[in-house]
Amino acid sequence: MHRLVAVSNRLPLCDNPSGGLVVALQDALSNSGGLWIGFSGEQSEDPAETLTFHDGARFQRASFDLSEEDFDSYYLGYSNSVLWPAFHGRADLIEIDPVFLDGYRRVSEKIARMMVPHLKEDDRIWIQDYQLIPLAAALRKLGVTNRIGFFLHIPFPDPATCAALPNPKEMFEWLSQYDLIGFQAQRDVRNFTESAAQLAEIEMPGDDVIRLCQRETRAGAFPIGIDAAGFMGDARKAREEDRMRSLTNSKMMIGVDRLDYSKGIPQRFRAFQLLLENNPDLTEKVMLLQIAPPTRESVEAYQDIREETEHLAGRINGQFATVNWTPIRFIHRPIPRHELAGLYRQANVGLVTPLADGMNLVAKEYVAAQDVANPGVLILSRFAGAAETMDEALIVNPHDPWDMADAMKRAINMTSNERRRRHSALLQNVVESDVAWWADNYLKKLG
Ligand code: GDG
């Protein structure tokens, strides 16, 4: 068996880490005596170019520190002020700065230098996500010939948006150095091949084999799943006292998103506003619980979305609230996973309405957490990768508040037969295509 070496931006460092990727990689890493490499989260002045090994997991873990300059240019800069907006179709938010691109290249080169002394000839290397796209190219430059795979957790942009990057051709050259390029959805594979055809060089001799920038590689869709069994267990165990108590007479809709402009939270709030405006009988009968822990707060676009969302929630509450009822409850901090599972289960409607999203795990978690005898209804954006496999949800256009308000009304009034029918099909998919299935599928193909 080949040892698996996984590399991601952040290394999960606590001894009992939960979270999808950890669950996904845990078995493959433990069974192969594997190694997981990632950033420690620590910034120091002039960090040594060596990996620090950590005990406490069923596989080896090794971290590296970054200087403030590297972190700012690689992570806040190129990764989250260029690639994240571009890959989510927001070319208007891209901040191009040559310092960012230098830092982005430099960090992959540093990681490659730190990795090489620890690699074995027949290791399989699996690199995760947009922060590390140049890593295979950097490893190849140092003579690494192992099979190297890449998985992109976020969408791949269409040719016009891809052309807004400062270095589209280089992006495809970096990608060409992988042996398998995994995407979340067929939509991404299409965007990738169309963008490569327009902006670089690609031939497609057949099946999933491609020649990209003169190197043979493969690309395909590998939709990520969740730890379905774990989530179902958490939701069943959710204690009464973890649930919201003030809700006995009203229906509850829930949204759970990192506070990010790609998640469509203001659009969701506006649709809710429209629902209340057009249905006065829903006064005191329905509320929206939005959990939105902040991320990347030093990037300006994230400060803007926070302000916009808070302002909008305040305005809508001011417009409709009564002494007994606040229509939107907006929680701007993370809440523990077991509480989240209980709230999903309690919510009559799950609102997953991103403007662009690689997959969206919340859609799958909401389905897994439901009581099969009395399940809630999932409202899902057509722009989430999840929409390709979850068509029994109410699929909406998140740019259209009328469409979303209609879906909210339909969900609130849906008969229990229809809810059960839709939920059972969705649940089957979430359970069968869970995160272990995803990792297994990908690694078989890479191997
Ligand atoms: C990227 C891609 C792709 C959120 N708030 C709390 C909390 N969460 C958890 C959710 C879920 C996760 O965070 C968010 O996952 P998503 O998939 O929705 O979105 P991204 O963070 O943007 O992830 C995405 C994913 O990678 C995997 O490939 O699906 O498209 O953008 O698990 O439950 N968890 C807790 N408290 C919170 O307040 N405990």
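By class, how many nonpolar, polar and charged residues does the shell around the ligand have?

Modeller: Happy to. A word on the ground rules: this is a predicted model, where local features need pLDDT of at least 70, side-chain atom pairs count only at pLDDT 80 or more, and totals for chains, interfaces and linings use all residues. Residues are numbered from 1 along each chain as its sequence is written, and side-chain values use heavy atoms, with hydrogens and water left out.

The shell has 14 nonpolar, 4 polar and 5 charged residues; here Ala, Val, Leu, Ile, Met, Phe, Trp, Tyr, Cys and Pro count as nonpolar, Asp, Glu, Lys and Arg as charged, and the others, Gly among them, as polar. In total, 23 residues surround the ligand, each with a heavy atom within 4 Å of it. His153, Ile335, Asp357, Leu361 and Glu365 are the closest. Two helices, α11 (337-346) and α12 (361-369), each supply at least two residues of this shell; helices are DSSP runs (H or I, at least four residues) numbered from the N terminus.

Now the polar atoms. An N or O atom in the side chain of Asp357 is 2.5 Å from an oxygen atom of the ligand. The backbone of Leu361 places an N or O atom 2.8 Å from a ligand oxygen, and a polar backbone atom of Arg337 is 3.5 Å from a ligand nitrogen. Taken alone, the ligand exposes 740 Å², and the protein buries 80% of that (Shrake-Rupley method, 1.4 Å probe).

As for the domains, the chain is divided into domain 1 (4-222) and domain 2 (228-432), with bounds from an automatic or database domain assignment. Both give residues to the shell, so the ligand lies between them. Their centres, taken over C-alpha atoms, are 31 Å apart. The contact takes 18 residues from domain 1 and 18 residues from domain 2, counting heavy atoms within 4.5 Å.

Key:
A polar contact is a pair of N or O atoms within 3.5 Å; within protein, one must be able to donate a hydrogen and the other to accept it, and residues adjacent in sequence count only if both atoms are side-chain atoms.
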